[in-house]
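Dear colleague,

The structure is handed over below for your files. My notes on what was found follow it.

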Amino acid sequence: MQLNVKVYSDGAELAAMKQVAEAGLVQGFTTNPSLMKAAGITDYLAFAKEAVATFPDQSISFEVFANQPDQMLQEALVLAKLGKHVAVKVPIIRATGEDNTDVIQRLSQAGVRVNVTAITTLTQVRLAVAALDPAVGGIVSVFAGRVADTGVDPLPLMRQSADLCHTKQNVDLLWASTREVFNIVQADQTGCDIITVPPKILTKLPKFGKDALQVSIDTVKTFDADIAELGFTIPTTPESTQTI
């Protein structure tokens, strides 16, 4: 299947990042604090430097940790200097409910490519796009998966977000919080420029285009193999073997 959307790996385990890169499955990478916690990262800058050295020619996003504007600006400048393809992730909003558009705008005007993250509403998309300098460009990350988790169809939001992002030069829309392989198709259909995908889901990409009947057969083969490995049987009696 031919898709226009770029696929980025979403994670913080270098071994997994190398594996998907070597397989030619991705064009870039994203990380976040939660992924780093899950990966057991203890030295943020050491990890970031190693990641940039490993993938010097691919886009990679690192997130600020601070929640105060002045500190966020300082951290963002440190991260931006790690490599020419680094994008700095700044949440559109703080835990207090205040938006970070001033921080985003100041960084963008200073030449930092900002990845505006944690977006879930069209209003936030508008704020992000308005804050980004078209001469520098940036990424608008809409958490479609988290929107879907609330029982709301994210597709209308993603289509409208694409229209807004593409009103400004060099601003890319990113589908974030991917839940399944089909989200890649949906991201492409709704006009997204990028989708971030966890390595576990990336391993399913070779199944694209597979015949549905073959999927059914392979599923049963998996059941049979697991049954054989478990050694399970269902005891029967003469009474239970009567013809139905």
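Partly exposed means a relative accessible area between the limits for buried (under 20%) and exposed (over 50%), with a 1.4 Å probe and protein chains only. This is a predicted model, in which local features need pLDDT of at least 70 and side-chain atom pairs count only at pLDDT 80 or more, while totals for chains, interfaces and linings use all residues. Residues are numbered from 1 along each chain as its sequence is written, and side-chain values use heavy atoms, leaving out hydrogens and water.

Ile227 belongs to helix H11 (residues 212-230); helices here are DSSP runs of H or I with at least four residues, strands are runs of E with at least two, and both are numbered from the N terminus. Ile227 is partly exposed, at a relative accessible area of 45%.

In helix H1 (residues 14-22), the residues Leu14, Ala16, Met17 and Val20 are buried. They lie on the same side of H1, because the arc they cover around the axis is only 160 degrees (taken from the directions from the helix axis to the C-beta atoms). Ala15, Gln19 and Glu22 are exposed on the face turned away from that buried side. The buried residues of H1 pack against strands S1 (6-10), S2 (28-30) and S3 (59-63), and against helices H3 (44-54) and H10 (199-202). Just after H1, Gly24 has a positive phi of about 70 degrees.

Arg94 sits in the loop between strand S4 (86-91) and helix H5 (101-109). Arg94 is buried, with a relative accessible area of 15%. Its contacts (heavy atoms within 4.5 Å), leaving aside neighbours within four places in sequence, are Asn67, Pro69, Met72, Asp99 and Asn100.

Regards
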